[in-house]
Amino acid sequence: MKKKIAILGATGSIGRSTLDLVERAPERFEVVALTARRNVSELANAALRTGARLAVIADPDCLTELSRLLDGSGCKAAAGPDALIAAATGEADWVMAAIVGCAGLLPTMAAAEAGKTVALANKEALVTAGGLMTDAAKRSGATLLPVDSEHNAIFQCLAGSRSEEIARLVLTASGGPFRLATEQQLREATPAEAVAHPKWSMGAKISVDSATLMNKGLELIEAHYLFGLPPEKIDIVVHPQSVVHSLVEFIDGSLLAQLGSADMRIPISYALGWPERIPTPAARLDLVELGRLDFEAPDPKRFPALRLARQALESGGGASVVLNAANEVAVELFLAARIAFTEIASIVEEALESFAAPGPATIADVMELDCETRARVMASLKASCA
Ligand code: NAD
Ligand code: MG
């Protein structure tokens, strides 16, 4: 029987790679629902190509255009938050959660509550509501499959082992475009330089997060919720070649790693095919051509975001929500050239220091804390400009 697929965030970097794999194997997969924020033409094209039955545009202002493009196709056009949830909880049995940011939390959570197999790319959903999401999956019987390359690597390495056998997780980080930059160069870094990732082609927000290393901080929190290990058992090592995607150390001293080219279609395919493997067109590694693999410790002075994320995870409560919301606001301001690159981490640090919040008990609490943090960050920036 074909897997019925919904892709939330179908027009993004992960969404497109997922569509690419799904469209290569029409005998295995059937696309039932696709969503996007505002890119109506790409969404409609993908819906028409794949024969999806539901296309959802998050921005209601784009619905008329989407309806026009899909007229007569048999694909229903819809818009707004409830329609996003309908795409996540409807016909599909496999849901790719690839909306960027906390904006993806509600539909991702809805898919988990509805007992779907959820391929989790949207790391901000786990950072802000990891405990609530894994609890919901336990209750509903949903399966959460990590798509982030590091977590997918760990998931692959853990296959067949028991949790008592795990000693430590090691997340690898490419180091981003500024791995060798001086503090002065970091202060002057432009959005164009920050999104030019040396190894991966990704959306703008995660590219900036990779440049500050906040991405690795978010991944530390993500790993904690996905694999249930305490923060002190999750290490981070910089590995500029991005070939070893992460490692697991077991209690006997063995380390298992997953290696592959820097192509997200490999981890996405593992989640798509799971529990089987399926072929991908990703480039194969040539170890001899590669020659060497380097590893180094991250520099906490030039990349404070890593420390802030660890601190947020250790302090618990609502700190991870505050960290994430302040970071999302700061990254947007940086991309709009309104703040300097190095201000991203200072804005997050200030938000964490000035805003101690209790742990959210529900998704509504998470959303409220997210909104409140964004408002406070903006207010404090306005006050400091005045
Ligand atoms: P992207 O910016 O390329 O795409 C984001 C998608 O989400 C688009 O389809 C966009 O239309 C949709 N979207 C954006 N804002 C929305 C909103 N407010 N409401 C509804 N839809 C909205 O991002 P991406 O690089 O594909 O990343 C998606 C997620 O996957 C992120 O959480 C990222 O951290 C994670 N991730 C990405 C990669 C990668 O290689 N790109 C790797 C690991 C994890
Ligand atoms: Mg990653």
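Which backbone atom of Ser 13 lies 2.9 Å from an oxygen atom of ligand 1, and of what element? I found a backbone N or O atom of Ser 13 at that distance, 2.9 Å from the ligand oxygen.

I note that this is a predicted model, in which local features need pLDDT of at least 70, side-chain atom pairs count only at pLDDT 80 or more, and totals for chains, interfaces and linings use all residues. Residues are numbered from 1 along each chain as its sequence is written, ligands are numbered from 1 in the order in which they are written, and side-chain values use heavy atoms, without hydrogens and water.

Ligand 1. I looked up two further backbone N or O atoms: that of Ile 14 lies 2.9 Å from a ligand oxygen, and that of Gly 9 lies 3.3 Å from one. Taken alone, ligand 1 exposes 830 Å², of which the protein buries 87% (Shrake-Rupley method, 1.4 Å probe). I then listed the shell by class and found 12 nonpolar, six polar and four charged residues; Gly counts as polar here.

Ligand 2. I read the magnesium ion as coordinated by Asp 148 (OD), Glu 150 (OE) and Glu 219 (OE), at 2.1 to 2.2 Å. Donors are N, O and S atoms within 2.8 Å of the metal (3.2 Å for Na, K and Ca), and water is not among the atoms, so the site may look incomplete. Glu 150 lies in helix H7 (residues 149-158) and Glu 219 in helix H11 (residues 214-227), so the pair ties together parts 69 residues apart in sequence. Helices are DSSP runs (H or I, at least four residues).

Methods
Polar contact = N/O pair within 3.5 Å; in protein donor to acceptor, adjacent residues only side chain to side chain. Helix = DSSP H or I, 4+ residues; strand = E, 2+ residues; numbered from the N terminus.
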